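Keep the viewer open as you read.

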Amino acid sequence: MKIAVFGANGYQGKLVAAELARLGVEAVLVGRDPVRVAEAAASVGHPKAEQRVAAVDDHPGLVEALRGCDAVVNCAGPFTPSGAAVVRAAIAGGLHYVDTAGEQLYMNGVFETFAAAAEAAGVTVVPATTDACLPADLLAHQLAARLGPLDELISTHVIAGGGGPSRGSLRSVIETMESVRAGGLAYDDGVWRPGVPARRGAVTLPKEPEATPVARFPLPEVVTVPRHVVVRHMEGLAEAELVERLNSPMPAEVVESLPEGPSEESRRGQRFTYVLDALGVDGRRARGVVRGADTYGTTAAIAVESACRLVAEPIKAGVLAPAQAFDSLAFLDRLARRGIRWSIEEPSAG
C-alpha cells in the first residue's frame, strides 16, 4: 500500500504524514516546494519518505507525481480554488481520493462534477474525511436506521479550546466568506440552496446546564448526509460567537503572520461536541452525539484510515459520502481508539 499526501508541507498535511509514519504505511509526500516538502518529511519523522514536486495548475505533472500510488490524501486547502485539480489528477491516474476539506460548495461541486468520471475510472472519491464530517455523516446514517425517513435533521458543532484555527483553515474561511456569511447551504425537499435568512437560536448540549447560542453555518455533512438518508430538511449550526468572528475575518496579510497552527499541547486541550437532532416523519425524535478532542489530529487519523480502507477493501466506484463508502458502525467503533465517543438517545415515551 502506498499513499500520497498532497500538500504534505502544510499543517494538516504534516499531521497526515506523521500518522502514516506511525502506522508504517509507505507514503509519497507531494508539494510544490521541494525544500518545504523535505523539511516536512524530516519534522514528522518520515525523512526517507519519497518526495515529489507538483503544482495544482500542472495537470500532467500532478498526475505524474501521483503515479504508482494507490490513493491520495489531499490536504492542500483552500479547496475551493484548487481541490478539483487534485480530484481530476487522481481520477486520471487511477487513484482513490480523500481529502480534509470542509468547504461546502467545493464538496457539492465534487459530487456534481466527478461522479461519472470516477465511476468510469473505477476509483472511489470521498471528500471531507474529517473530524467534523465523517463521524456526523456516519452517525446520521445510524439515526435514520432507527427512525426511518426524517422530516428534519439539525447538526450542531461546538468546539472549545485548541489554540485557534490553523492558517490553512483561516484561508479557507476567507476563500468561502460569502457562503459563511449566508449561513451556507441548507437541504430542502431534494435541493441544496442557500440558507437565508440565517437561522439563530440556542441548543442545550449534553451535560451542559445552559443552552449555547448558535447560528447557521456551512457544515460539510449537510452536503453528504442527504445522499444516503431520506430527509426533508437539513441544516448546520455552530456557536454564534464563532460565526460572528468568522464573519469578520482577518486580512490575508495578518493570517500569513500567524503561527502555522495550534501547538500539540493546545490541541490536546481542545474538546469538540457534535450533536445531530433528528425528527422522524412519524414524529419520533432521537439525538446523536459525537465527542472527542484534537480536531486536527483526529482529522489526520480519519483521513488516513479512510484512504487505507479504500485501498484494502475496494468498494463501488464513484463519488461517495462516508456512509456510502464505509460500514458506519464499524468505522464509528474504530474511532473509539482515538478517544472519540458516540451515542444515540431517544426520548422515553410519555
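The crossing of α6 and α15 is left-handed, and that's a handy place to begin. Keep in mind that what you're looking at is a predicted model. To find the two helices, look for residues 133–147, which make up α6, and residues 328–335, which make up α15. Their axes sit 9 Å apart and meet at an angle of about 135°. Angles over 145 degrees would count as roughly antiparallel, and 65 to 115 as roughly perpendicular, so α6 and α15 end up being called oblique to each other.

Now zoom in on where they touch. On the α6 side you'll find Leu134, Pro135, Leu138, Leu139, His141 and Gln142, and these meet Ser328, Leu329, Phe331, Leu332 and Leu335 of α15. Sort the residues of this contact by class and you get eight nonpolar, three polar and no charged.

Helix α15 has another partner to look at, namely α13. Here the axes are 12 Å apart and the packing angle is about 140°. That makes α13 oblique to α15. The handedness of this crossing is right-handed, whereas α6 crosses α15 in the left-handed sense. From α13, the contact draws on Ile302, Glu305, Ser306 and Arg309, while α15 brings Ala330, Phe331, Arg334 and Leu335. By class, that's four nonpolar, one polar and three charged residues.

On to the charged pairs. How many salt bridges does the model have? The count comes to 14. Let's pick out a few. Arg267 pairs with Asp294, with the closest N and O atoms 2.8 Å apart. Arg267 belongs to helix α12 (residues 264–268), and Asp294 sits in the loop between β14 (285–293) and α13 (295–312), so this pair ties together parts that are 27 residues apart in sequence. Are these two buried or exposed? Both Arg267 and Asp294 are buried.

Arg67 and Glu64 form another of these bridges, the closest N and O atoms being 2.7 Å apart. Glu64 has a relative accessibility of 42%, so it counts as partly exposed.

Then there's Arg52, which forms a salt bridge with Glu50 at 2.9 Å between the closest N and O atoms. With a relative accessible area of 13%, Arg52 falls in the buried class, whereas Glu50, at 33%, counts as partly exposed.

For the last stop, go to strand β14, where you'll find Val289. Its relative accessible area is 6%, and since buried means under 20%, Val289 is classed as buried. What does Val289 touch, leaving out residues up to four places away in sequence? The list is Leu139, Pro206, Thr273, Tyr274, Val275, Arg341, Trp342 and Ser343. Take Thr273 from that list: Thr273 and Val289 are 16 residues apart in sequence, with a C-alpha to C-alpha distance of 7.0 Å.

Conventions:
Residues numbered from 1 in each chain as written. Predicted model: local features only at pLDDT ≥ 70, side-chain atom pairs only at ≥ 80, totals over all residues. Heavy atoms only, no water. Axes fitted to C-alpha atoms, helices over the stretch in contact; angles between N-to-C directions. Helix = DSSP H or I, 4+ residues; strand = E, 2+ residues; numbered from the N terminus. Parallel < 35°, antiparallel > 145°, perpendicular 65-115°, else oblique. Left-handed = near helix turned anticlockwise from the far one by under 90°. Contact = heavy atoms within 4.5 Å. Nonpolar A, V, L, I, M, F, W, Y, C, P; charged D, E, K, R; others polar. Salt bridge = Lys/Arg side-chain N within 4 Å of Asp/Glu carboxyl O. Buried < 20%, exposed > 50% of the residue type's maximum accessible area, 1.4 Å probe, protein only.
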